[in-house]
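Visitor: I would like to go through this model with you, one feature at a time.
Guide: Gladly; let us look at it together.

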Amino acid sequence: MPDAIELLKARRSVKPREMTGPGPSPAEIETILTIGARVPDHGKLAPWRFIIFEGEARERAGEVIAKVFARKNPQASAAEIEIEKKRLTDAPLVIAVVSFTKPHPKVPPFEQELSAGASAMNIVTAATALGYGACWLTGWFAFDRDVLDGLGLKPDEKIAGFIHIGKPSKPNEERPRPALSEIVTRF
């Protein structure tokens, strides 16, 4: 288990197309999801839930995405539709973080949505700590109501992100990060 500070300093998203199997074991998935549920949650509302896509479920979800894409883009080529069909198939595991808000006198919707985002980041961090590559993505289909309905989301639910998890197939490259002097001010 890497040192927590070093892990956080070195964490880097891994592109799903650069992931391979095997994916996390059932016990590792339970650990990842347990950590995903251990986030700031004012009011104890749990304004998020998780959908697991692994094995054939990734292809079934891709069928939903491709059908909606083809219907909304009648000029799309077969190759473009095939790309949409494979949106969730690169990584062996994809976890969707579903966000929803509950009426509450002290916890505004924005704060509840931030909790879902914190959950997604905890999932990424937990997967990284277990030695996997992880990448938090959305894409057009994460915001398309027809896709969300096809994936079984309720009308008041949204996708905060699809977290792709797998073994990195090559060393990860660092990318430029903002200098603290450019993003920090003191009041």
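Visitor: How far apart are the end C-alpha atoms of H5?
Guide: Helix H5 has 21 residues, and at 1.5 Å a residue it should span 30 Å, the expected span being 1.5 Å times one less than the number of residues. Helices here are DSSP runs of H or I with at least four residues, strands are runs of E with at least two, and both are numbered from the N terminus. The expectation agrees with the model, in which the end C-alpha atoms of H5 are separated by 30 Å.

Visitor: Before we go on, what kind of model is this, and how are residues numbered?
Guide: This is a predicted model, in which local features need pLDDT of at least 70 and side-chain atom pairs count only at pLDDT 80 or more, while totals for chains, interfaces and linings use all residues. Side-chain values use heavy atoms, with hydrogens and water left out, and residues are numbered along each chain, as its sequence is written, from 1.

Visitor: Is Thr128 buried or exposed, and which residues does it contact beyond its sequence neighbours?
Guide: Thr128 lies in helix H5, and its relative accessibility of 18% makes it buried, a class that means under 20% relative accessible area, with exposed over 50% and partly exposed in between (1.4 Å probe, protein chains only). Contact means heavy atoms within 4.5 Å. Leaving aside neighbours within four places in sequence, the residues in contact with Thr128 are Leu7, Arg11 and Ala134.

Visitor: Which elements cover the buried residues of H5?
Guide: The buried residues of H5 include Gln112, Ser115, Ile123 and Val124. Their cover includes helix H1 (4–10), H2, S2, S3, strand S4 (133–137) and S5.

Visitor: Why do the buried residues of H2 line one face of the helix?
Guide: In helix H2 (residues 26–36), the buried residues are Ile29, Ile32, Leu33 and Gly36. Seen down the helix axis, these residues fall within an arc of 95°, so they line one face; the arc is that of the directions from the axis to the C-beta atoms. An α-helix has 3.6 residues a turn, so residues three or four places apart point the same way. On the other side of H2, the exposed residues are Ala27 and Glu30.

Visitor: Where does Lys44 lie, and what is its phi?
Guide: Most residues other than glycine have a negative phi. Lys44, found in the loop between H2 and S2, is exposed with a relative accessible area of 78%. Although Lys44 is not a glycine, its phi is positive, at about 50°.

Visitor: How far is the C-alpha atom of Gly43 from that of Gln112?
Guide: Gly43 lies in the loop between H2 and S2 and, at 39% relative accessibility, counts as partly exposed. Gly43 and Gln112 are 69 residues apart along the chain, and their C-alpha atoms are separated by 9.3 Å.

Visitor: Which peptide bond is cis?
Guide: Pro22 lies in the loop between strand S1 (19–20) and H2. With omega near 0°, the cis bond is the one from Gly21 to Pro22.
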